[in-house]
Structures are given as C-alpha cells and as structure tokens.
Amino acid sequence: MSTNPELFPAIGSVVDQTQNLPIEAQTVEVTLDEERPVQEIESLCMRCGEQGVTRLLLTSIPYFREVIVMSFRCEHCGFSNNEVQSAGSIRPEGTVYTVRVLARDDLDRQVVKSNTCSVIIPEMELTIPPGRGQLTTIEGIIRDIITDLAPDQPLRRVQNPQAYEKIEGILSRCRDIVGDDDDEQNEDENTTGPVDTPKRASGLDTPLEPFTIRLDDPAGNSFIEFVGSMADPKWNLRTYHRTRQQNIDLGLIAPDEPVQEAPAQVPEGEKKEGDEQTTEPEPLNENEEVFVFPGTCSSCGHPCNTNIKKVNIPYFKDVLIMSTNCDKCGYRDNEVKSGAAISPQGKRITLKVEDREDLSRDILKSESCGLSIPEIELVLQPGTLGGRFTTLEGILDQIYEELSEKAMASGDARRNTDAFVEFLKKLKAVKNAEQPFTVILDDPLANSYLQNIYAPDPDPNMTIEMYDRSWEQNEELGLNDMKVEGYEEDAQHDAAKAADASKPDAKAAPATGAKAAEAKSS
C-alpha cells in the first residue's frame with residue numbers, strides 16, 4: 001500500500017469529499033484543480049466526433065491497492081466508457097480470485113480487472129482474454145459480454161452456423177442473468193442519442209442460475225470484492241508462481257534471455273585447469289531418475305506422457321509421484337502411490353491444529369485414506385481426491401474448491417443453500433486457522449503421512465495409533481484372497497487335482513479303441 005494517503009485517498013473518502021462540494025463545483029467543467037478529488041480533461045468522442053470529458057481519479061481500494069480510474073462521457077451522444085490501471089508494482093506471484101454467484105446480490109460485487117487479467121466462466125465454457133482495465137461489477141462484466149458478442153451474430157449466422165449456435169447459447173444465458181431481452185436492438189454502436197440506463201439485475205425477482213466467475217491475473221493486479229470479511233464462503237483467493245512465458249508477456253524478462261541454471265559444483269582437487277574431461281558423468285541417484293510412460297489423455301484422447309518419480313519421505317517410506325500433463329487440451333492430473341509393501345496394520349493419525357504454522361506441515365494422503373475434522377462435521381471417505389502429496393493448507397484448499405465448485409451446482413445445494421454456505425464458512429475459517437481444530441487421518445494400509453516438525457522427537461500435538469484391520473476392511477482392499485507365501489503348495493495341489501481328473505478319460509480311450517477294432521473285424 002502507498003505511504004502517501006493524500007495522493008491516493010480511500011475511495012470512500014473521495015465520495016464524501018465530492019458530496020461536500022458546492023453544487024456549482026460538482027458541475028461538469030474542464031479543470032485541473034488539485035483541491036478537487038476528480039480531475040476533468042476535455043477529450044474527443046470517438047463515436048460522434050464531438051468533445052466529451054475524461055475524468056481521472058487517483059484512489060485506493062480497501063484490502064487491495066492504489067489504482068487510477070479513468071472515465072469518459074460524451075453529453076452529445078451519451079457514449080460512456082471507463083478504464084482502470086494499477087498504480088502499484090507487479091506482485092511477486094499471480095492471483096486467481098474465484099466467486100460463486102448464488103444470488104442476485106452477488107452481481108453487485110465490485111471487480112477490478114487489469115489489462116493482464118483473464119475472466120473465466122466455467123459453466124459457459126467462456127474465457128475473456130486480457131484487454132483493457134476496468135472498474136466494474138460482475139453484472140457489468142456480463143453486460144460487456146453481451147455488448148461484445150451480440151452485434152456480429154447476424155453475420156455469424158450466415159458464415160459459421162456452428163459458432164452462431166454456440167455463442168447464442170452464451171448470450172441467452174447472459175440475458176437471463178441481467179434480465180434483458182432486447183439487447184441486440186439496443187446495442188447498435190452507430191445509434192446516437194441518450195443511452196437508457198438499464199435496470200439493475202440485482203433488483204429483479206426472476207430466479208438466477210448459479211455460476212462461477214474467476215479472475216486469473218499473472219500480475220496480481222486484479223480483485224473481486226468479498227462480503228463482510230475474507231472468510232466469505234463464496235469468495236476465494238489463490239496465488240501461484242508465474243511461468244517463464246508469463247514473465248515474458250509482462251515484460252519482466254527478455255524473450256532471448258537464457259534460462260538460469262544452478263552451476264554444477266565440482267569437488268576441490270577433482271579437476272584441474274587444463275585437464276581433459278575423460279571421465280564419464282556420474283549416474284543419477286536411485287531417487288533422482290524420472291520415468292516417462294507414454295499413454296493417452298483421458299480428456300481429449302491425444303497421446304501424452306505420464307512422469308513417475310520415486311521420492312523418499314524422511315521417517316516414513318518411499319512413494320511414487322505420478323504426473324500427467326496434456327499439451328493439446330491442458331488437462332493435468334497428479335497422484336501419489338506407495339512404493340513399499342503393504343503394512344500388516346492400519347494407521348490413525350490425529351493432529352491438533354492450533355495456529356497457521358501447523359498448516360505448513362507436509363501431508364501424504366493415499367487413495368485408501370479417509371480424512372475427518374470433527375469440529376465442522378467434515379468426513380471424507382477413502383478414495384476422495386485420490387492420492388495427494390501436499391501441505392495441510394493445500395489439501396484443505398483442494399477440499400474447499402471441490403465442494404464449492406461441484407456441490408453448489410447440484411440441485412440439493414440449491415434447495416439447502418443457507419446450510420451449505422454456513423458449512424463452507426466454517427471450512428474457510430478452518431483452512432485459515434482462525435480457530436483450533438483436529439485433523440484425523442485413518443488409513444487401513446498405513447500409507448499416509450503427516451509431518452512431525454519435532455522429528456525425531458515425538459510431536460506433543462500429534463498422536464499415531466496402529467490398529468488391526470477388520471475382516472471387512474481386508475475384504476474391501478482385496479487382502480483376504482491375496483496369498484504371497486506358500487502358494488507353491490497350492491499350485492502343486494491344483495496340478496494333482498487336474499491329473500486325477502484326467503485319469504478316467506485315459507482309461508476310457510483304449511476301451512473305445514478296442515471297440516472300434518472289434519467293430520472293424522466284424
């Protein structure tokens with residue numbers, strides 16, 4: 001945040017300052033008076049060619065950063081436009097803001113969209129590429145989609161009927177959200193005259209089909225408003241490390257700049273200046289080799305590779321990390337499986353989480369492990385999320401995203417929205433460590449792990465219990481019919497049985513032959 005609040009005052013104080021101005025000072029006139037919060041500059045209207053007014057506002061958005069808001073309006077034709085630019089530096093990490101729009105009140109959430117931000121609406125299979133910056137609302141983004149796509153629909157209907165049908169489905173859903181039926185007639189850019197202000201979609205009584213809106217900004221300069229506090233169950237923030245191509249697009253590195261690699265360390269005395277490199281490179285360690293297996297993408301069917309690496313977890317066992325990434329459709333998947341023998345007993349791990357430091361513990365949840373948090377009545381059955389090797393905070397984030405994305409879209413969630421929103425609020429408080437809670441990992445195969453930060457000493461907040469599996473658990477895991485010792489005797493017994501079964505047939509064969517010979521002589 002800026003250390004100069006006078007240069008970037010809070011947007012609420014700007015509103016109060018503007019309302020306290022005399023009526024004459026609030027009229028539109030070209031001025032650069034430093035005492036006024038909004039600076040006004042005369043500029044050309046690109047629609048009618050007359051002179052309009054551009055307003056500049058330097059302000060700061062609470063819980064976000066400083067921005068420059070630019071707004072243009074022409075009093076002759078009624079055309080208006082606005083844009084927002086970040087006045088801060090590029091964040092060290094990219095950000096992804098996600099909001100689940102469940103009620104019409106959510107359409108009024110404020111949105112800051114920078115010129116490097118992509119807007120994604122998964123339910124419509126719609127991605128808006130980076131463009132001009134905007135200070136708008138979720139309803140404003142939906143209306144912009146209609147404005148951008150609707151004018152070219154008559155042409156698409158003739159040239160590309162398939163694209164027309166696809167886009168018409170998107171426009172139909174957008175019109176249902178904002179409650180407009182005649183947008184195609186009202187959005188003609190060549191029409192001049194006053195522009196009617198549409199009715200706010202949040203004030204309509206028609207039902208709203210839930211959808212998700214996501215802002216993905218590699219620069220981290222975009223934002224979606226939350227309601228109340230950051231514990232808003234419909235709102236989520238995730239950060240990520242930028243890729244090399246994203247850094248190039250942001251201008252942080254040059255396209256021809258070589259990739260920096262860590263220099264190889266050569267032990268002192270092993271190589272001298274002028275010596276010829278006659279020695280062969282040392283082989284990789286057993287756990288450093290990455291195996292590549294060709295396969296087929298389960299999403300698009302194109303060929304893709306699966307990378308498998310063996311990793312040794314201290315004070316635990318070897319595990320296999322498998323990662324699949326399809327270059328054609330972008331599908332990604334990763335999973336963790338045990339690389340050791342099946343344990344004769346099951347394992348139950350109980351951790352009492354007291355602060356945020358506990359959220360950084362490494363956790364290996366196998367596909368046979370169940371997870372529960374009694375304080376919020378959360379129970380994950382074995383097999384949920386598959387195998388995961390991450391941190392405790394990471395797996396709680398995955399649980400939150402899976403539940404909020406999939407469960408909210410189901411019919412049961414819509415009928416009981418209030419109860420589910422309350423549950424998500426508790427889950428978000430837990431994953432932010434706002435209250436103490438207990439995590440229980442129950443793995444019948446003992447292939448799960450939770451980091452002991454006091455290792456090799458015992459952890460005072462964590463207990464590990466080994467127990468004997470029940471017959472039902474062994475049956476479910478397929479262990480009752482599995483025999484790895486003494487199976488040679490079973491094979492010999494089966495071979496003897498087969499030999500005994502074939503003996504009567506051997507005795508009957510000569511008799512049949514004798515009868516045939518006797519019949520021939522007669």
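Helices (H or I, at least four residues) and strands (E, at least two) are taken here as DSSP runs, numbered from the N terminus. The structure is a predicted model, so local features need pLDDT of at least 70 and side-chain atom pairs count only at pLDDT 80 or more, while totals for chains, interfaces and linings use all residues. Residues are numbered from 1 along each chain as its sequence is written, and side-chain values use heavy atoms, with hydrogens and water left out.

On that basis the protein chain comes out with 11 helices and 24 strands. Of its 522 residues, 35% count as buried, where buried means under 20% relative accessible area, exposed over 50%, and partly exposed in between (1.4 Å probe, protein chains only). The chain exposes about 32200 Å², and carbon and sulfur atoms supply 50% of that area; accessible areas come from the Shrake-Rupley method with a 1.4 Å probe, and for residues only the protein chains shown count as cover. As for contacts (heavy atoms within 4.5 Å), residues 24 or more positions apart account for 62% of those in the protein chain with a separation of 6 or more.

Strand pairing is next. Two strands pair if DSSP finds at least two bridges between them. Strand β13 (residues 290-296) runs antiparallel to strand β14 (residues 303-312), with seven bridges in the pairing. Val292 has Asn307 of β14 as its bridge partner, and Phe293 has Thr306 in β14. The hairpin of β13 and β14 has six residues between the strands, and there Gly301 takes a positive phi near 85°. On to the next strand: β14 is also joined by seven bridges to strand β15 (residues 318-325), again in the antiparallel sense. In this pairing Ile308 stands opposite Met322 of β15.

Leu364 turns up in both pairings: it stands opposite Phe389 in β21, and its bridge partner in β23 is Tyr449.

Among the helices, α2 (residues 138-149) has 12 residues and reaches 17 Å from its first C-alpha to its last, close to the 16 Å expected at 1.5 Å a residue; the expected span is 1.5 Å times one less than the number of residues. Nine of the 12 residues of α2 are buried, so the helix is largely enclosed by the rest of the structure. Among the buried ones are Ile138, Ile141, Ile142, Ile145, Ile146 and Leu149, along with Glu139 and Arg143.

Then there is the open space. The largest share of the lining, seven residues, comes from α7.

Most residues other than glycine have a negative phi, and most peptide bonds are trans. Glu125 is not a glycine, yet has a positive phi of about 55°; it lies in the loop between β7 (118-121) and β8 (126-128) and counts as exposed at 63% relative accessibility. Ala433 also has a positive phi of about 55° without being a glycine. Ala433 is found in the loop between α9 and β22 (437-443) and counts as buried, at 17% relative accessibility. Finally, the peptide bond from Ala455 to Pro456 is cis, with omega near 5°, and Pro456 is found in the loop between β23 and β24 (462-467).
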